[in-house]
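Okay, thanks for coming, everyone.

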Amino acid sequence: MSDATLLDGCSADYVAPATDRPARDDRPVLRERGQREVFCGLTGIIWLHRKMQDAFFLVVGSRTCAHLLQSAAGVMIFAEPRFATAIMEERDLAGMADAQEELDRVVSRLLERRPDIKTLFLVGSCPSEVIKLDLAKAAQRLGAQYMPRVRILNYTGSGIETTFTQGEDTCLAALVPVMPASDPQADKQLLIVGSLPDIVEDQFLRLFAELGITNVGVLPARNSRDLPSLGANTRYILAQPFLGETAMALENRGARRVEAMFPFGAEGTTDWLAAAAREFGIDEAHIARVLAPGRERANKALAKLRGELAGKRITFLPDSQLEVPLARFLQNELGMELVEVGTPYLHRAHLARELPHFSDAVRLSEGQHVERQLDRVRADKPDITVCGLGLANPLEGEGFTTKWAIELVFSPIHGFDQAADLAELFARPLRRRDRLEV
Amino acid sequence: MQLAVWTYEGPPHVGAMRIATAMKGLHYVLHAPQGDTYADLLFTMIERRGQRPPVTYTTFEARDLGKDTAQIFQDAAREAVARYNPQAIIVGASCTAELIQDDPGGLAEAMGLPCPAIALELPSYQRKEHWGAAETFYQIVRHLADKSLVREPREGRRARANILGPTALGFRHRDDLVEIRKILDCLDIEVNLVAPLGASPADIARIGAADFNIVMYPEIADEASRWLEKTFSQPAVRTVPIGVGATRSFIADVAELAGADPTPALGDTSSRMPWWSRSVDSTYLTGKRVFIFGDATHAVAAARIAREELGFEVCGLGCYNREFARDIRAEAARCGVEPLITDDHLTVEDAITAACPELVLGTQMERHIAKRLGLPCAVISAPVHVQDFPARHSPQMGFEGANVIFDTWVHPLVMGLEEHLLTMFREDFEFADEHGASHLAAHSPKAAKVAAVSEAPVADIPAPAVAEADGSLWTAEAERELKKIPFFVRGKAKRNTEAFAAAEGLTRIELETLYDAKAHYAR
């Protein structure tokens, strides 16, 4: 049986080739295609530009791209943000030479205004890709001009290529080639991959130090010019489940992945930290000793929320690719019942330690046909539905309780000490529903 | 290519969405890649709508390009019509789909759909949101209006008006409409149709039954109203009733077209703004320098109110929508300022900084600029923010709108007596002017607050560490004196003094120079 098996009753208008991923799990997946109510990869800039404090993101796109960034960020950022859009106009579309020259002009104006920028990302968009504007060439040309003061890289955040968090994936993948090569004779080093809130990153670094892993790098680094070294001695561990391309780029440079659950909840965080520690030959007793306090704190804090969430039925609409590990956490540690777990893209290899936790009763879906998916929500009547901002109020208007998915990307939710905060994000809408009398 | 951090307007297809979302029984099939659905959240989050906008996005991907994007469009259109059963659909392309040239209009026509399909040509790389809204509304009216309709004779019935312009995601459109209806009610005029807000395609068909049109927002409805004027000989009222004076002119214009007596509407006893403005406590408003920027209609109305109804001085006026620049130029001439026509918010920021206003009236963008500069600000125009959709009734139009405007604009200012106290007791550390207006903790400029409090007990005079004045030009004594001037006029005083010193050929600004300049520039 191929892994593209479709459930009965749902139109099979699209079946992906079964060969594009290893068949590690032959659970049926409902694959759908149609209108997708998700952001494009440009949206990742909203958190990436805060994470990398010396980097600037220049989207080469249309007014729509600029409007998206502004709307997704809310017009709430007071400082001048470290992103902007080079809006293509009619005359840029006329001839390609012009577009490249125009881009040079915009970049030089920008770098004049912001001498603090050390890395500039030229970010491709739907229109720049459709007209085949070669941003790699532009980055090379401009890089030759501005190095060493400014490094210029490019990646795509276009909606025709990337969904929401995949924009971080393509961005990090663009950083991999410029990571310095590590000494082949050097000791094994650990690389944490995926942007984490600074506070969470610091917690993990403290825990790894306590475990006895001393050589730990993070990608993306807070300072984009201070990238960790990379080579055959690198063992990397994914902190986010949406980093398929980055992982491939790392493997191509000799790094090997540490397979683990994702660090959500007490269980996931324990597994994630322990897997890395084992890779570095740390003994089990020491691992258990170091992880016990954090795990106990997490379990204690989660116990208070279990009463509110246990037995509640939840549906995830596709958004950030965080859906599978989050659903596992809510099911295993809070006793929630999974109705449908939708994800924009199911990376079976990276989720190999997550998916076996789901029973056959859980409907796993990939891609989206939003109308049919909403029909299923109406039929399933879950207690809470996790969805994007475009759908949340309309579903509330129909009487459904919802949780905005985007908050899961913008809040510190990884690790032991955030496990209860993560559960709280799901408990609060339910508590609010019960509390309001109007 | 234009470098933009923030934009005043979205792309034109967002304008089309504002029309579609305002209407009932209409569906928009938009040829667009994944990600363009972000626009839904403008309506569901900013405006807090409880329904999805009636828009189907085709959601094509890179691998579809050059293969079957046209088929994807037709499938999406067929499915949307089957599911939503609309009376009519509008079809078009977003910026990316425009490049692949699938011709959604032609494709829809070829499908033989059971409802009219109106094709929209919205050039994304030339035009913007307001233009897209106006063009969409015009195309809808032109396609759906029943041109065979013959208006009943005027005798023996009430006059009938169409109210044109209110859309989804409009700045106070919901509440303005209530005020316009109130005025028409008072004049005993029947509302034939409100559009696009709340109108269905079937309603649009009888648009020709009205005797005249009221163009609430020229940015949206002007184009359609000109076609209606030609096609159905419907004259239009284009006076925008924002402010007391404009509301009076509007009532007079409407009454004339309807053959009605304007007296009952003009005598609205809830119009408090004129007396509030004449009340002696408002004396301190006289000559306050105000910088105005927004869409042309709101900016022009604001300038007139500022000058004639609050006694302010307009020190800057501009708009971001080039299409209506002429109106701004005319009003700027009346104000005696250079008009600022730009959609680059950095240029606007420079202009505000240079003008040293005491109040900024602008969009959410200017609110940020004002916040950075520590200036009081009130929002008068789109682009909108969730705060621009208050739960309470809060119009801009009509006499009630003028009441609201008085409160909204005066509220951020430091009040009359407080202003005097700040001037008199500049060195009271708990009363430092950096605290801003005492009733406005949330809006007051925060800068230097900590420094002011911590330094005050040590020295009577605030340490001259603040780089307000250029040390090389200003003597320490003059610089200290400059800091005694309240912050809301300090920038102006500094600039004037420096200009005065330059004109007099002085290389040093002494205490005396400051007062010489004050006398020189005395109003």
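Predicted model: local features only at pLDDT ≥ 70, side-chain atom pairs only at ≥ 80, totals over all residues.

**Where the two chains meet**

So, let's start at the contact, which takes 47 residues from chain B and 50 residues from chain A.

On the chain B side, the elements that give two or more residues to the part touching chain A are β1 (2–4), α2 (40–46), β3 (55–57), α4 (95–100) and α16 (364–373) of chain B. Which of them gives the most? That's α2(B), with 5 residues. As for what kind of residues sit on that side of chain B, they divide into 20 nonpolar, 18 polar and 9 charged.

There's also strand pairing across the two chains. Strand β3 of chain A, residues 83–87, pairs with β1(B) in the antiparallel sense, over 3 bridges. If you want a place to look on your screen, find A:Thr85, which stands opposite B:Ala4 in β1(B).

Okay, chain B by itself. You're looking at 523 residues, and buried ones make up 52% of them. Chain B has 22 helices and 14 strands. Take the contacts in chain B between residues at least 6 apart in sequence: 68% of those join residues at least 24 apart.

One piece of chain B I'd like to show you is an open sheet of 4 strands, in the order β7-β6-β8-β9, with parallel pairing. Which strands stand at the edges? Those are β7 (190–195) and β9 (236–237) of chain B, and each has a single partner strand, so one side of each is left without a neighbour in the sheet. On the β9 end, strand β8 of chain B, residues 212–215, pairs with β9(B) in the parallel sense over 2 bridges. Within that pairing, B:Ile214 has B:Val237 in β9(B) as its bridge partner.

Next, the cores. The largest nonpolar core has 275 residues, and the ones with the most contacts inside it are A:Leu58 and B:Ile292. Leaving out residues up to four places away in sequence, A:Leu58 touches a whole list, including A:Ala84, A:Ala86, A:Val107, A:Phe121 and A:Val123. There's a second, separate core of 6 residues too, and among them are B:Trp474, B:Ala501, B:Ile509 and B:Leu514.

A:Leu207 is in helix α8 of chain A, residues 198–211. A:Leu207 and A:Leu273 are 66 residues apart along the chain, with their C-alpha atoms separated by 8.1 Å.

Then there's A:Pro344, found in the loop between β11 (337–343) and β12 (363–368) of chain A. With 23 C-beta neighbours inside 10 Å, A:Pro344 counts as buried as well. Setting aside neighbours within four places in sequence, A:Pro344 has contacts that include A:Val38, A:Phe164, A:Pro318 and A:Gly367.

That's my tour; over to you for questions.

Definitions and conventions: Residues numbered from 1 in each chain as written. Chains lettered and ligands numbered in written order. Core = buried A, V, L, I, M, F, W, Y, C linked by C-beta atoms within 7 Å. Buried ≥ 20, exposed ≤ 12 C-beta atoms within 10 Å, placed from the backbone. Contact = placed C-beta atoms within 7 Å. Pairing = 2+ DSSP bridges. Nonpolar A, V, L, I, M, F, W, Y, C, P; charged D, E, K, R; others polar.
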